[in-house]
Amino acid sequence: QVQLVESGGGSVQAGGSLRLSCAASGLSFSSYSMAWFRQGPGKEREGVAGNGRALGRTYYADTVKGRFTISEDNAKNTLYLQLNNLKPEDTGMYYCAAAPTIMWWYNWHLTSSYNYWGQGTQVTVSS
């Protein structure tokens with residue numbers, strides 16, 4: 001049974017940083033494409049960053065490039081998202097997602113591309 005458990009969310013002021021973690025179990029971590037999504041108040045869930053497992057490529061939404069960094073620790077089966085220079089518009093519930101397929105630039109950010117989801121961790125950024 002695949003489980004994804006996020007942690008590390010919190011409340012910070014604009015310009016602050018957070019590090020989110022996603023502990024994965026029940027899957028072959030290095031064989032799954034992993035990604036972070038977020039859903040702000042009244043907004044649709046959107047892809048933030050992903051490890052597509054294709055030629056070592058990582059993908060980022062334009063809104064977070066240069067501020068967020070996705071990484072992983074295969075020994076711990078854990079995915080991370082470092083959030084720097086946070087803005088109020090980054091506020092939302094952040095979700096970890098996994099899929100047993102390679103992701104590419106045209107599909108990594110689609111919610112329909114992923115089979116498994118965590119429960120989310122809340123990030124709140126105040127101005």
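Glu-46 is partly exposed, at a relative accessible area of 35%. Buried means under 20% relative accessible area, exposed means over 50%, and partly exposed lies in between (1.4 Å probe, protein chains only). This is a predicted model: local features need pLDDT of at least 70, side-chain atom pairs count only at pLDDT 80 or more, and totals for chains, interfaces and linings use all residues. Residues are numbered from 1 along each chain as its sequence is written, and side-chain values use heavy atoms, with hydrogens and water left out.

**Salt bridges**

- The whole structure holds five salt bridges. The term covers a side-chain nitrogen of Lys or Arg within 4 Å of a carboxyl oxygen of Asp or Glu.
- Glu-46 pairs with Arg-38 in one of them, with 2.7 Å between the closest N and O atoms. Arg-38 is buried, at 6% relative accessibility.
- Arg-67 and Asp-90 form another, at 2.7 Å from N to O. This pair ties together distant parts of the chain, 23 residues apart: Arg-67 sits in the loop between S6 and S7, and Asp-90 in the loop between strand S8 (78–83) and S9. Both Arg-67 and Asp-90 are buried.
- Salt bridges link Arg-38, Glu-46, Arg-67 and Asp-90 into a network.
- Arg-53 and Glu-72 also meet through their side chains, at 2.8 Å from N to O. They too come from distant parts of the chain, 19 residues apart: Arg-53 is in the loop between strand S5 (46–51) and strand S6 (58–60), while Glu-72 is in strand S7.
- Arg-53 is partly exposed, with a relative accessible area of 23%. Glu-72 is partly exposed as well, at 25%.

**The disulfide**

- The model has one disulfide, a term for a pair of cysteine sulfur atoms within 2.5 Å.
- Cys-22 and Cys-96 form this link, and their sulfur atoms lie 2.1 Å apart. The link is left-handed, with -75° about the S-S bond. It joins distant parts of the chain, 74 residues apart: Cys-22 belongs to strand S3 (residues 18–25) and Cys-96 to strand S9 (residues 92–99).
- Cys-22 is buried, and so is Cys-96.

- Strands here are DSSP runs (E, at least two residues), numbered from the N terminus. Two strands pair if DSSP finds at least two bridges between them.
- S1 and S3 run antiparallel and are joined by five bridges. Val-5 stands opposite Ala-23 in S3.

**Two hairpins around S5**

- Antiparallel S4 and S5 pair over five bridges. Phe-37 has Gly-47 in S5 as its bridge partner.
- The S4–S5 hairpin has six residues between its strands, and Gly-42 in the turn has a positive phi of about 70°.
- Gly-42 lies in the loop between strand S4 (33–39) and S5. Gly-42 is exposed, at 89% relative accessible area.
- Gly-42 and Gly-92 are 50 residues apart along the chain, and 9.8 Å separates their C-alpha atoms.
- S5 and S6 are antiparallel too, with three bridges. Asn-51 faces Thr-58 in S6.
- The hairpin of S5 and S6 also has six residues between the strands, and there Arg-53 takes a positive phi near 65°.
- S5 is largely enclosed by the rest of the structure, because five of its six residues are buried.

**A nonpolar surface patch**

- Ile-102, Trp-104, Trp-105 and Tyr-106 make a nonpolar surface patch of about 490 Å². Patch residues have over 30% relative accessible area and no salt bridge; nonpolar side chains (Val, Leu, Ile, Met, Phe, Trp, Tyr) are joined within 5 Å, and like charges within 9 Å.
- Accessible areas come from the Shrake-Rupley method with a 1.4 Å probe; for residues, only the protein chains shown count as cover.
- Tyr-106 is placed in the loop between S9 and strand S10 (116–117).

Notes:
Helix = DSSP H or I, 4+ residues; strand = E, 2+ residues; numbered from the N terminus.
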